[in-house]
Amino acid sequence: MTLIRELDIGTPIRVSDTTVTLTIDGEQVTVPKGTSIMAAAMMMGTQIPKLCATDSLEPFGSCRVCLVQIEGRRGYPASCTTPAEDAMVVHTQNADIAKRRRGVLELYISDHPLTCLTCSANGDCELQDVAGKVGLRDVRYGYAGENHLDAPTDDSNPYFTFEASKCIACSRCIRACEEIQGTFALTMEGRGFESKISAGLGMRLLRRLRAGLPDRDAERKIGDRAGHAGTFGGDHLRLLRRRLFLQGGNEGRNRGSHGALQGRQSQ
Amino acid sequence: MTRIYLPQDAASLALGADRVLRALQAEAARRNLALDIVRTGSRGAIWLEPLLEVETAEGRIAYGPVSPNDIPGLLDASLLSGSAHALRIGRPEDHPWFANQQRLTFVRCGVVDPLSVEDYRAHGGFAGLERALTMSAEAVVDEVKTSGLRGRGGAGFPTGIKWNTVRMTPADRKYIVCNADEGDSGTFADRMLMEGDPLTLVEGMTIAAIGVGATKGYIYTRSEYPHAVRTMNGAIAAARLAGWLGDNIKGSGRSFDIEVRVGAGAYICGEETSLLDSLEGKRGQVRAKPPLPAIQGLFGRPTVMNNVLSLAAVPWILAHGGAAYAAFGMGRSRGTLAVQLAGNVARGGLIELAFGGTLRDLIENWGGGTASGRPFRAVQVGGPLGAYFPERLLDTPMDYEAFARAGGLLGHGGVVVFDDTVDLAAQARFAFAFCAIESCGKCTPCRIGAVRGVEVIDRLVAGIETVKNFEVLEDLCELMTDASLCAMGGLTPIPVTSALTHFPDDFDHKLRRSAPHVAQAAE
C-alpha cells in the first residue's frame, strides 16, 4: 500500500545568498547557488530519471541515469553532481540522452531477477518506474551472462529481508549510515562487478543493524561498547523506515524503493 | 681504485645485475683488484641491461648486456682500462641510441648515485629549486605556464593552469600529491625515475609547493615497486639531511615535506580522485567532479595532483626557463615525452624525445623491429586503454592532438608492439576483461558494462547472432564512453573500437580460422 509520495528533488536543498539563472529545456529557472541541475529541473517541474540520487543524501553520481547535455560542454554529465551555473543551457530530454539512459537500464536489468510480478515491491519500485520511463523494452545482452541472481537472501533481521540479488549497488544505505546516522555501519565490499553491500568482512548484513533493536543480548553488547544502545538502534531503524527503503508502511514520507530491502512487518 | 657503475633498478635486477655484481666482486677479490662500485639507476636501454660502466680517463666506458659468465673474460681483456671487448659499446653518450635522444627529465637517470645529494648537485640538480626560492609564487607558476608543460599522466591538462587554480584558492593547508601509481601496461618511466634519480622528483614537488603555497606532499606509489619505495624514501631522507626538504628550506623561510604512501594494488587508484580517497584511508573509489581536486582535493583542501613525469620536468624548466622547454615539441605538445618502448620489440627501453617524432621511427629505428623477427601487425600506445594502431597509422606524430585525431591517446607514453600473431579480438576482449577486474564498481556503465562487453565479444567470435551483437557492442562502447563516471570506463571502448575499425577480420568467425594467430595457436 502506497500513500502520498512527496517529490524527491534528488539532491539536498542548498541555501545561498546568491542565485544563478539557467535555461533547462528552453525554460529559465533561478535557483540558489550550489543547487544541482537535477534539483533545479525538479523544482521547475521537470523530472529527471534517477536511481542513486535522493534529496536526503549528498549527490553520488553512480547510477548515470540522470545524465543530461550542457551546451558548450563535452559528453553527458550527471545532473545530480553538476551544480547549476549562470547562463548554462541544459537539455534533459532528446533522442541521444534517451538512448544512453535506456542503455544504462539495459545493463541494470541484465543483472536483475525477472520476478516483478511476484516481487513485493511491484508497483512501488523506483527501478521498475525508471525502466518504464526510459522505455526499456528489450535486454539485448540476454540473461545468461554473469549475474548476481543467486546471491543469498539475508533474513537475519526480524524486521527486514535483504534480497542481495535485487540490489543495484547504488550505495544509498551505505551513505545514509555515513551521512545521516554517522554510524558507518555498512560498506561496499569487493570492487567492480563483485561489489556488494557488507556490514564487514563475512558479516551478515542485518546482524549489524539488529544489534540496535530491542534485543536484550544485542542491547547489552552495544551498550557495553558505546553506552547508547537505544539511540543507535532506534534512529537507525526509523531512518530506514521513514526516509529510504521501507515500502508499505504507514509513514507519510514514502520515497519508494529499489526492491532489494523489504519491510516484512507490514506485508 | 677503479670506479664501476652498475644499475640496480628493478629491470636491471630482473636481468641479473646483482648476479653480475657478485661475480665481479668474487673475481676482483681473486685477482686482488680494488673496486669502488656505485649502484645507479638505469639509463633506459633495457636491451643493454645489465649495463656495466667503468670510469676511465676518456670518461665512462660501457659494456652490455653483461652476464656473470662474461666477467672473467672482461677482466682478462682489462675491462678496468676500458679496452676492447665484444660487449663494449663505448661512451654511452656517444652511442646513437642515447645520443639522439633529447634528455631533459632523464638527463641524470642512470648517471648519478640516486641517493647522493652531492652527485645530484654536481650534475645540475637543485638549480631549479635554488632559483624558485628567490621567486614569487606567481612567477614560479608563470614559468611553468610558459613552458607549455601538460600533464604527463595521460590527460594532458596544462600543468601551469592547474597550479594557478591551487595557488588562487584560499585555504589553511594545501597539498602536492604525486601520482606514482604507474599501472599501465608497458610503462616504467615513473619507476625508472624514482629508482634512478629520485631527487629530481623531490625537487619538482618542492618547486610546486613554492608555486602554490603547499606545505605537505605525498607520493602515492605501488606496492609492486618495492625498489622505488626504498630509493624514494632514501632520497627524501638525504634531501632533508642536506636542508633541501623540511623546515626552512636552505634558510628561505619556506617549509615543505614529503611522505611516500604505498597503494594496495588497485589500478583504479591511479585515477586521481580514487587516489585521493585511498590516500585518505578510504576505499579507492572514484569521486564525481566537480569539485576539482585543485579546489577540494586531499582532505578537502586545494591539491596539486600531478604525475611523476610532470613534476620531474619542472626542475629543468625552472633551471633553464620555460621558454627553453617550450622550444622542444610540436603544436600544443611542448617539451619532451618519455616514451617507453615495450612488447614485441628488439630494443626496448625508455626513450626521451621531443614531441613530434613518429611511431614508425620509434619502432623501426629505435626499437629495431619486432623481437620475434615476424612482421609487425599492431601497436598499442597509452596503456591498456589506448588504441591499437595498424601499420598505416605509424606515421602519426607523437602529439596529444594528432593522436586524438587518429582515435587514440598518448597516455603515459607506453608503446607496446605486437607481431602478426596477435589476435585483436582477444585484445579487445582483454580490454573489457581488464576493466571488469579493475573497475571500482561505482558507476553502472563500467561495473556491469565491462562484464557484458566480454560476453558480447565471446558471442561475436563464436559467430552467434553477429549482426545483432555488432550493434550491441557499438551501443555499449558508446554508452561507456559517454556515461561512465571516470576515464577507466570512458576509455575502455578505445582499444575495442580501434581493434574493430583497423582489424575487422579478427572479429569475423569465418576468417578467423585461417588467420596466423589461430594457425600459430594450433601448432
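Predicted model: local features only at pLDDT ≥ 70, side-chain atom pairs only at ≥ 80, totals over all residues.
Ala87(A) sits in the loop of chain A that runs between strand E3 (69–70) and strand E4 (89–91). Ala87(A) is not a glycine, yet I read a positive phi of about 70 degrees for it. Is Ala87(A) buried or exposed? I counted 10 other C-beta atoms within 10 Å, and 12 or fewer is the cut-off, so Ala87(A) goes down as exposed.

Next I went to Ser78(B), which has a positive phi of about 45 degrees and is not a glycine either. I found Ser78(B) in a loop too, between helix H3 (70–76) and strand E5 (88–90) of chain B. With 12 other C-beta atoms within 10 Å, Ser78(B) is exposed.

**Cis peptide bonds**

Which peptide bonds did I note as cis? One is the bond from Lys289(B) to Pro290(B), with omega near -5 degrees. Another is the bond from Pro290(B) to Pro291(B), with omega near 0 degrees. I placed Pro290(B) in the loop between helix H12 (272–279) and strand E9 (303–307) of chain B. Pro291(B) lies in the loop between H12 and E9 of chain B as well.

**Helix H12 of chain B**

After H12(B) comes Gly281(B), and its phi is positive, near 95 degrees.

**The nonpolar core**

I looked for the largest nonpolar core and found one of 222 residues. Which residues have the most contacts inside it? They are Val177(B), Cys178(B), Ala208(B) and Val379(B). Helix H13 (residues 308–320) of chain B gives the most to this core, with ten residues.

I picked Cys178(B) to follow up. Leaving out residues up to four places away in sequence, I saw Cys178(B) touch Leu201(B), Met205(B), Gly217(B), Tyr218(B), Ile219(B), Tyr220(B), Asn306(B), Val308(B) and Leu311(B).

**Chain B as a whole**

I stepped back and counted 23 helices and 16 strands in chain B. The C-alpha trace of chain B spans about 75 × 60 × 40 Å along its principal axes. Why do I call the radius of gyration of chain B in line with a compact globule? A compact globule of 523 residues would have a value near 24 Å, and chain B has 24 Å, so the two agree. Of those 523 residues, 57% count as buried. I also looked at how far apart in sequence the contacting residues of chain B are: among contacts between residues at least 6 apart, 73% join residues at least 24 apart.

**Chain A as a whole**

In chain A I noted seven helices and nine strands. Buried residues make up 42% of its 267 residues. Taking contacts in chain A between residues at least 6 apart in sequence, 57% join residues at least 24 apart.

Chain A is divided into domain 1 (19–93) and domain 2 (145–263). Their contact takes nine residues from domain 1 of chain A and ten residues from domain 2 of chain A. On the domain 1 side of that contact, I sorted the residues into five nonpolar, three polar and one charged.

**Where the chains meet**

How many residues of chain B are in contact with chain A? I have 26 residues of chain B against 28 residues of chain A. Four helices of chain B each supply at least two residues of the side that touches chain A: helix H17 (424–438), helix H18 (444–447), helix H19 (449–461) and helix H20 (466–483). H20(B) gives the most to that side, with six residues. By type, the residues on the chain B side come out as 14 nonpolar, four polar and eight charged.

Definitions and conventions: Residues numbered from 1 in each chain as written. Chains lettered and ligands numbered in written order. Rg over C-alpha atoms; globule rule 2.2 N^0.38 Å. Buried ≥ 20, exposed ≤ 12 C-beta atoms within 10 Å, placed from the backbone. Contact = placed C-beta atoms within 7 Å. Nonpolar A, V, L, I, M, F, W, Y, C, P; charged D, E, K, R; others polar. Core = buried A, V, L, I, M, F, W, Y, C linked by C-beta atoms within 7 Å. Domains from an automatic or database assignment.
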